[in-house]
Amino acid sequence: NIEFCDDFVSGAFDDGINIGINLRDQVSSILGSLSPSNYTVTFHTTAADANTDSNPIVNDTNFTNTIRDNQTIYVRVENNNSGCFNDHISFNIIIHPLPTISNTIPNLEVCDIPTSSDSDPRNRLAQNIALGDRDVDVLNGRDATQFQVSYHKTAQEARDGTNPLSKTGYSNDPLTTNFPSNLISDDPATEIIHISILNTTTGCR
């Protein structure tokens with residue numbers, strides 16, 4: 001079987017459809033020690049088509065699954081010299097869903113407490129922010145041993161799972177923090193943090 005995470009490229013992240021699937025990546029495992037020059041390998045969407053050598057998948061290096069979530073691909077291996085063939089091979093294309101966050105995550109409010117690195121209690125720059133306090137809200141009942149929560153500066157980093165922020169000692173970034181126009185007021189500064197959740201079983205986030 002070949003497994004993928006659902007993606008945004010097909011138009012939706014929850015449609016169970018992926019594009020650009022290269023079925024020919026399976027040829028080496030299908031043929032094993034047999035020489036590719038002696039055999040023709042074709043892929044089909046039905047067992048009957050594989051048996052009769054009908055309707056081979058033409059775009060087999062750029063295939064889009066036509067059945068969402070789990071589609072069986074039937075393989076025909078034909079000997080170029082004898083014409084004998086094997087049509088008893090198949091594999092599944094499995095599209096795993098992306099974990100989603102459907103509930104509202106509460107804002108994380110902190111006080112601007114003076115520290116050894118920042119003695120100003122009103123500059124709205126805080127240290128030792130525990131982003132991980134929101135893990136329980138993000139998981140929303142999911143198994144914490146299967147799902148990993150991380151926090152990121154940008155949406156792209158959250159999608160890629162890159163540059164995770166400290167869960168226990170984060171300091172808000174003055175470059176991405178929105179400060180009130182009147183710093184003498186008691187209005188807070190705000191910063192948007194992007195959340196990523198990884199299913200460690202499927203590798204999808």
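**Entry 1: the disulfide**

I started with the sulfur atoms of Cys 5 and Cys 204, which sit 2.1 Å apart and form a disulfide (a pair of cysteine sulfur atoms within 2.5 Å). This is a predicted model, in which local features need pLDDT of at least 70 and side-chain atom pairs count only at pLDDT 80 or more, while totals for chains, interfaces and linings use all residues. Residues are numbered from 1 along each chain as its sequence is written, and side-chain values use heavy atoms, with hydrogens and water left out.

I counted 1 disulfide in the structure. The link ties distant parts of the chain together: Cys 5 belongs to strand β1 (residues 2-5), Cys 204 to the segment after β8 (194-199), and 199 residues separate the two. My element names follow DSSP runs, numbered from the N terminus: helices are H or I with at least four residues, strands are E with at least two. I also looked up the torsion about the S-S bond of Cys 5 and Cys 204, and at -95° the link is left-handed.

**Entry 2: how open are the cysteines?**

For accessibility I used a 1.4 Å probe on protein chains only: buried means under 20% relative accessible area, exposed over 50%, and partly exposed in between. Cys 204 has a relative accessible area of 0%, so I filed it as buried. Cys 5 is at 27%, so it goes down as partly exposed. I checked two further cysteines: Cys 84 counts as exposed because its value is 52%, and Cys 111 is exposed at 61%.

**Entry 3: nonpolar cores**

Next I looked for nonpolar cores (sets of buried Ala, Val, Leu, Ile, Met, Phe, Trp, Tyr and Cys residues joined through side-chain atoms within 4.5 Å). The largest has 16 residues, and those touching the most other members are Leu 23, Val 41, Phe 43, Ile 73, Phe 91 and Ile 93. Two or more residues come from each of α1 (27-31), β2 (39-44), β3 (70-79) and β4 (85-96). A separate core of 11 residues lies apart from it, including Val 138, Leu 139, Phe 147 and Leu 165. As background, nonpolar side chains in soluble globular proteins tend to be buried together.

I then listed the contacts (heavy atoms within 4.5 Å) of Ile 93. Leaving out residues up to four places away in sequence, Ile 93 touches Ile 2, Phe 4, Ile 21, Leu 23, Phe 63, Asp 69, Asn 70, Gln 71 and Ile 73.

**Entry 4: pockets**

My pocket search ran on a 1 Å grid over the protein atoms alone: a pocket is an open set of points where a 1.4 Å probe fits, with protein on both sides within 12 Å along at least five of seven lines, and lining residues have an atom within 4 Å of a point. Points are joined across faces, edges and corners, and a volume is the space filled by probe spheres set on them.

The largest pocket holds about 890 Å³. It is lined by 29 residues, of which Leu 108, Glu 109, Val 110, Ala 189 and Thr 190 are the closest to its centre. I sorted linings by class, with Ala, Val, Leu, Ile, Met, Phe, Trp, Tyr, Cys and Pro as nonpolar, Asp, Glu, Lys and Arg as charged, and the others, Gly among them, as polar. That gave 16 nonpolar, 5 polar and 8 charged residues for the largest pocket.

The second largest pocket holds about 350 Å³. Of its 13 lining residues, Phe 8, Pro 99, Arg 159, Ile 195 and Arg 205 are the closest to the centre. Both α4 (155-160) and β8 give two or more residues to this lining, which divides into 8 nonpolar, 2 polar and 3 charged.

Asn 128 sits in the loop between β4 and α3 (135-139) and is exposed, at 58% relative accessible area.

Asn 163, also not a glycine, has a positive phi of about 50°. I found Asn 163 in the loop between α4 and β6 (177-178). Beyond four places in sequence, Asn 163 touches Tyr 151, His 152 and Glu 157.

Asp 135 lies in helix α3 and is buried, at 17%. Its contacts, again beyond four places in sequence, are Val 149, Tyr 151 and Lys 167.

Last, I noted Asp 25 in the loop between β1 and α1, exposed at 52%.
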